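Q: I have a new structure open and would like to learn how to read it. Could you walk me through it, one feature at a time?

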Amino acid sequence: MLRKEQNDLLTSTGPGTAMGQMFRSYWIPALLTEELPENDCPPVRVKLLSERLIAFRDTNGRYGLMDEFCAHRGVSLWFARNEECGLRCPYHGWKYDVTGQCIDVPSEPEESGFSKKIKLKSYPLVERGGVLWTYMGPADQVPPLPEWEFVTVPSKQTFTTKRWQESNWLQAMEGGIDSSHVSFLHRGDLNSDPLFKGAKGNQYNLSDSRPVFEVVESPGGLYIGARRNAENGNYYWRITQWVVPSFTMIAPRGNHSVHGHFWIPIDDANCWTWSFDYHPLRELTEAEVSAMRDGKGIHVKYVPGTFRPLANKDNDYLINRAAQKAGRTFSGVEGIAMQDASLQESMGPIVDRTKENLVSTDNGIIMARHRLLRAVKAFVDKGILPPGIDPVHQKVRSAAIVLPPDQPFKEGAREAMIARPDVAPASV
Amino acid sequence: MSSAAEAAFRVQAPNSRPRAIKVVALDTAAEAVVRRLAAGSWKQATFFTAETFTRNLTDEVGAADLVVMVAGPGGHAEAATLIGKACSDRRIMTTALVVDARTASDEALSKTLSQLRPWSLMMVIADADSYIEDMLAALRA
């Protein structure tokens, strides 16, 4: 459990909140690059950290992210014309460049310089690995650009999607490090999902359904190891990475792609679940990308034209009670991503953690909260930058590995947990 | 369906009864940590050295919902076997915490892990001992 004030602290990310300030110290994913596919394309509404913004790509290919509303009468610039290096409000013609600077107020004499006095709040927007990243913190404290491996490998080796999740970011993220749910909720998918099946490691999973967990602090967050019995007294380890505040990377299976998530607050009751798959050494195959587009693995099918999952709370996630009863799916919901999201959304927009009853196997979640609380306090009270900003903390990998029984996995998988170009992931 | 408005209609009655959590220091490094914890205000946690816990092992384990074993890296945590076996026999959940692990050598950590792993159903290797306090609070101790 958390006390109410702790729960409020971690789940509130709007302007002026402590956790909001901390989120604003990172580059965070804002849009897929494909959402702004060409110069002068239509602008896109973006809501992040409880701020309503508008993103656009100007005539010269520059990206902009700024206050959604025209400074004149408060009209949404989603209706704007994207033309000649700026967004022009269709109401009275006020025009803004990618920095939010007003560059034209047609009703005022140009010589008056009035437009120079108008500027919308804006944030940098940079493309990296098929994702447009923004930094919403103080302009004099811009961190190094993101170095996550999934955005630094060649484009044909990586695939990223995002989906709208109707819950606070924290309960979604906690689902990502809640390793003990896998043996229940996802048990039907290991041998059927095309992005998981066939790996030798699956057999360890299926033959030992009572893993023992070890949680170890890492420089950027946590290593969460799940150990199962392997041959000759050795242990099969699946090591998840969590990096503060909301990056997770799941242990790989065989030669399948490696995958993970970012959970980014839209507001306090909604978040974006970003899901990436990549392989450090090879291009993703057409079959793999096709499966990902079809909602397999950690991806979803969408309501056409949106980022809302096709199975969502308005249709009870298309729950199939017959499949649940027959054991084809444990919860009756199809697909790993929506199996997770359906249950996390069912907790309510912001779960009341004063009422929960955690148990020992929840230590990954408890430790993550402990580190978040520690980091946000140090950041707000003393200005100490939180973990996860340093690019070294971002160059990490999850791992699946067999180790001798007495060996700390942090030692045995030390090299495997560092992202290095041209080095294969540790996977079983 | 779940919405902010509906969340207000959650049943407010208590949904659990207190659990008895026994925290045992296995070595001298852990004793200092556990002694400090014992000075705090807890509802359902009680604190022991390995010696005091094993003196009444059957009774203590029999009255526990969870036994937390605390050790420092490289210490003498042999009591884990005795306590762990008693817990295993009675199907009592065990958690092991290795504290102050930030600067521990791999050898020291290996030694401790070899003593704790066979008897722990959950293990945490923490950089600082402040984690135990948060863990116990999270478990409603």
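A: Gladly! Keep in mind that this is a predicted model. Let's start where the chains meet: 28 residues of chain A are in contact with 30 residues of chain B.

Q: Which elements of chain A supply residues to the side that touches chain B?

A: β13 (212-217), α9 (336-346) and α10 (363-382) of chain A each supply at least two residues. The largest share comes from β13(A), with 6 residues. Sorted by class, this side of chain A has 12 nonpolar, 8 polar and 8 charged residues.

Q: In which sense do β13(A) and strand β5 of chain B pair?

A: In general, strands of a sheet pair through backbone hydrogen bonds, and the pairing is either parallel or antiparallel. Here β13(A) and β5 (residues 122-125) of chain B pair in the parallel sense, over 4 bridges. To find the spot, look for Phe213(A), which stands opposite Met122(B) in β5(B).

Q: How many residues does the largest nonpolar core have?

A: It has 145 residues, and among those with the most contacts inside it are Ala30(A), Ala55(A) and Val67(B). α10(A) gives the most to this core, with 7 residues. A second, separate core of 9 residues includes Ile298(A) and Tyr317(A).

Q: What should I look for in the backbone of the loops?

A: Look at the peptide bonds and the phi angles. A cis peptide bond joins Val244(A) and Pro245(A), with omega about 0°; Pro245(A) lies in the loop between β15 (235-243) and β16 (247-250) of chain A. Leu49(A) has a positive phi near 50° without being a glycine, and so does Asn232(A), at about 55°.

Q: Is Leu49(A) buried or exposed, and which is Asn232(A)?

A: Leu49(A) is buried, with 23 other C-beta atoms within 10 Å. Asn232(A) has 7 other C-beta atoms within 10 Å, so Asn232(A) is exposed. Leu49(A) lies in the loop between β2 (44-48) and β3 (51-57) of chain A, while Asn232(A) is found in the loop between β14 (221-229) and β15.

Methods
Residues are numbered from 1 along each chain as its sequence is written. Chains are lettered from A and ligands numbered from 1 in the order in which they are written. This is a predicted model: local features need pLDDT of at least 70, side-chain atom pairs count only at pLDDT 80 or more; totals for chains, interfaces and linings use all residues. Two residues are in contact if their C-beta atoms, placed from the backbone, lie within 7 Å. Ala, Val, Leu, Ile, Met, Phe, Trp, Tyr, Cys and Pro count as nonpolar, Asp, Glu, Lys and Arg as charged, and the others, Gly among them, as polar. Two strands pair if DSSP finds at least two bridges between them. A nonpolar core is a set of buried Ala, Val, Leu, Ile, Met, Phe, Trp, Tyr and Cys residues joined through C-beta atoms within 7 Å. A residue is buried if 20 or more other C-beta atoms lie within 10 Å of its own, exposed if 12 or fewer, and partly exposed in between; C-beta atoms are placed from the backbone.
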